Amino acid sequence: AYISDSGAGEVAIVDLRRGRVVRRVAVGDHARHLTLSPDGDTLWVALGNRAPRLAIVDVRSWTHPRVTGHVVPPFRAHDVGFTPSGHRVWVTSGDRGRLAVHDTRGGLRRTMPADRPPQHVTFGRTVAFVTSGDSASLRVHALDDGRRLRRAAVPLGSYNVQRGAGRVLTPSLSGGELTVVDGRGRVVRSDRVARAAHDACALRS
């Protein structure tokens with residue numbers, strides 16, 4: 001597992017079977033959100049909640065990981081995610097209502113409107129799901145051209161978003177609701193499960 005260490009400005013590589021850190025690689029101050037390419041070779045790491053740049057890390061050899069470059073996004077970045085194909089990287093904003101799509105070398109391919117920052121992103125096979133906790137919204141975008149397909153209302157404070165088991169989950173830090181969304185971006189249900197629900201993941205049955 002790869003864990004961002006914001007305090008140390010590093011990514012820690014953790015052996016989950018033995019429960020210990022086996023390697024660290026310095027990536028830059030305030031390492032936060034990260035994403036691993038589908039082939040397991042490359043990490044992108046946002047250096048801050050409003051990151052002026054992202055680090056690209058070659059992790060093909062876990063014994064010798066190394067930073068191979070940096071990406072300067074068109075805004076201060078927040079979340080980052082490889083698409084399922086591994087050919088594009090989506091970057092959300094920490095300071096404005098925009099999204100960016102980069103190629104794997106860091107080149108900017110397009111930008112598009114988004115709701116209020118910060119946004120978070122997760123993916124289906126052909127779509128991206130983007131939440132804005134401050135706008136109380138979840139937007140669905142087509143991966144091929146970025147066009148918006150749907151916008152759904154979710155509880156205020158629904159920042160984080162994860163996809164799994166055929167559903168999309170977004171928990172509310174403000175009200176404690178867990179909202180379940182289907183693959184088309186339609187709200188299935190929303191239930192209060194905690195005082196302040198921060199993140200969620202799906203368990204496959």
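Strand S8 contributes the most to the lining of the largest pocket, namely five residues. Please bear in mind that this is a predicted model.

The volume of the largest pocket is about 650 Å³. It is lined by 25 residues, of which His33, Asp79, Val121, Val161 and Gln162 are the closest to the centre. Which elements give two or more residues to this lining? They are S4, S8 (77-82), strand S12 (119-123) and strand S16 (162-164). Sorted by class, the lining of the largest pocket comprises eleven nonpolar, ten polar and four charged residues.

S4 covers residues 31-36 and runs antiparallel to S5, with four bridges joining the two. Within this pairing, Leu34 has Val45 in S5 as its bridge partner. The hairpin of S4 and S5 has five residues between the strands, and Gly40 in that hairpin adopts a positive phi near 75°.

Let us now turn to S5 itself. This strand spans residues 42-47 and is mostly covered, with five of its six residues buried. How many bridges join S5 to strand S6? There are five, and S6, at residues 54-58, is antiparallel to S5. Trp44 stands opposite Ile56 in S6. In the hairpin of S5 and S6, six residues lie between the strands, and Gly48 takes a positive phi near 130°.

Methods
Residues numbered from 1 in each chain as written. Predicted model: local features only at pLDDT ≥ 70, side-chain atom pairs only at ≥ 80, totals over all residues. Heavy atoms only, no water. Buried < 20%, exposed > 50% of the residue type's maximum accessible area, 1.4 Å probe, protein only. Pairing = 2+ DSSP bridges. 1 Å grid on protein atoms, 1.4 Å probe; cavity = no way out; pocket = protein on both sides within 12 Å on 5 of 7 lines; lining within 4 Å. Points joined across faces, edges and corners; volume = space filled by probe spheres on them. Nonpolar A, V, L, I, M, F, W, Y, C, P; charged D, E, K, R; others polar.
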